[in-house]
Amino acid sequence: MKNSLTLLKGLKLSTLVLFMGLTAACQETENNTANATEEVAATEEVAAADTVARRPPPEWHNIPPHMVGTRVYVCDDASSDIFHVKYDCSVLQNCKSTKRNTTIVRAVEDHGRYNCETCSAEFASIFDDESVRH
Ligand SMILES: [Zn+2]
């Protein structure tokens with residue numbers, strides 16, 4: 001498979017070389033050039049970006065009075081859209097930017113954050129209008 005591909009490239013290259021008016025005597029050099037080109041292409045594929053899309057801010061929330069004073073942490077970077085109640089949360093520890101300590105109200109209203117599923121799963125109810133229907 002790889003050999004036939006190289007051969008194909010070699011053939012293309014020699015056609016080009018012939019077209020340019022050079023002799024076919026340098027067959028060995030052509031094959032080496034084709035191999036080198038392939039290696040460069042393989043290296044370039046490694047750089048795959050893992051950009052996580054930030055969700056839009058919560059449209060609805062209901063923070064019960066006993067939760068209003070809760071201190072939370074937010075990672076102040078471009079992709080984070082969650083807050084954490086635990087500073088040692090494994091997700092927060094991966095934060096490469098500034099970690100801010102704020103209240104849950106500011107985290108939701110000013111920063112548009114949702115609860116972290118890892119350390120703040122119990123706070124999911126503040127975004128769930130089904131849970132507070134009378
Ligand atoms: Zn967390």
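The model is a predicted one, and its protein chain contains 4 helices and 4 strands. Read from the N terminus, the elements of the protein chain follow the order α-α-β-β-α-β-α-β. Of the 134 residues in the protein chain, 15% are buried.

**Overall contacts**

- When contacts in the protein chain between residues at least 6 apart in sequence are considered, 65% of them join residues that are at least 24 apart.

- The 4 strands make up an open sheet whose order is 3-1-2-4 and whose pairing is mixed; its edge strands, each of which pairs on one side only, are strand 3 (98–103) and strand 4 (114–115).
- Strands of a sheet are paired through backbone hydrogen bonds, in either a parallel or an antiparallel sense.
- Strand 1, which covers residues 71–76, pairs with strand 3 in the antiparallel sense, and this pairing runs over 6 bridges.
- Within that pairing, Arg 71 has Thr 103 of strand 3 as its bridge partner, while Asp 76 has Thr 98 of strand 3 as its bridge partner.
- Strand 1 also pairs in the antiparallel sense with strand 2, which spans residues 82–84, in this case over 2 bridges, and the bridge partner of Tyr 73 in strand 2 is His 84.
- Strand 1 and strand 2 together form a hairpin, with 5 residues lying between the two strands.

**The nonpolar core**

- The largest nonpolar core comprises 13 residues, and those with the most contacts inside it are Val 72, Tyr 73, Val 74, Phe 83, Ile 104, Ala 107 and Cys 116.
- At least two residues of this core are supplied by each of strand 1, strand 2 and helix 4 (104–109), and the largest share, 4 residues, comes from strand 1.

- Tyr 114 counts as partly exposed because it has 19 C-beta neighbours inside 10 Å, whereas a buried residue would need 20 or more.
- Leaving out residues up to four places away in sequence, Tyr 114 touches Arg 55, Pro 58, Asp 81, Ile 82 and Phe 127.
- Tyr 114 and Ser 80 are separated by 34 residues in sequence, and their C-alpha atoms are 9.5 Å apart in space.

**Asn 94, in a loop**

- Asn 94 lies in the loop between helix 3 (90–93) and strand 3.
- Asn 94 is exposed because 9 other C-beta atoms lie within 10 Å, and the cut-off for an exposed residue is 12 or fewer.
- The C-alpha atoms of Asn 94 and Cys 75 are separated by 9.2 Å, the two residues being 19 residues apart along the chain.

Definitions and conventions: Residues are numbered from 1 along each chain as its sequence is written. This is a predicted model: local features need pLDDT of at least 70, side-chain atom pairs count only at pLDDT 80 or more; totals for chains, interfaces and linings use all residues. Two strands pair if DSSP finds at least two bridges between them. Two residues are in contact if their C-beta atoms, placed from the backbone, lie within 7 Å. A nonpolar core is a set of buried Ala, Val, Leu, Ile, Met, Phe, Trp, Tyr and Cys residues joined through C-beta atoms within 7 Å.
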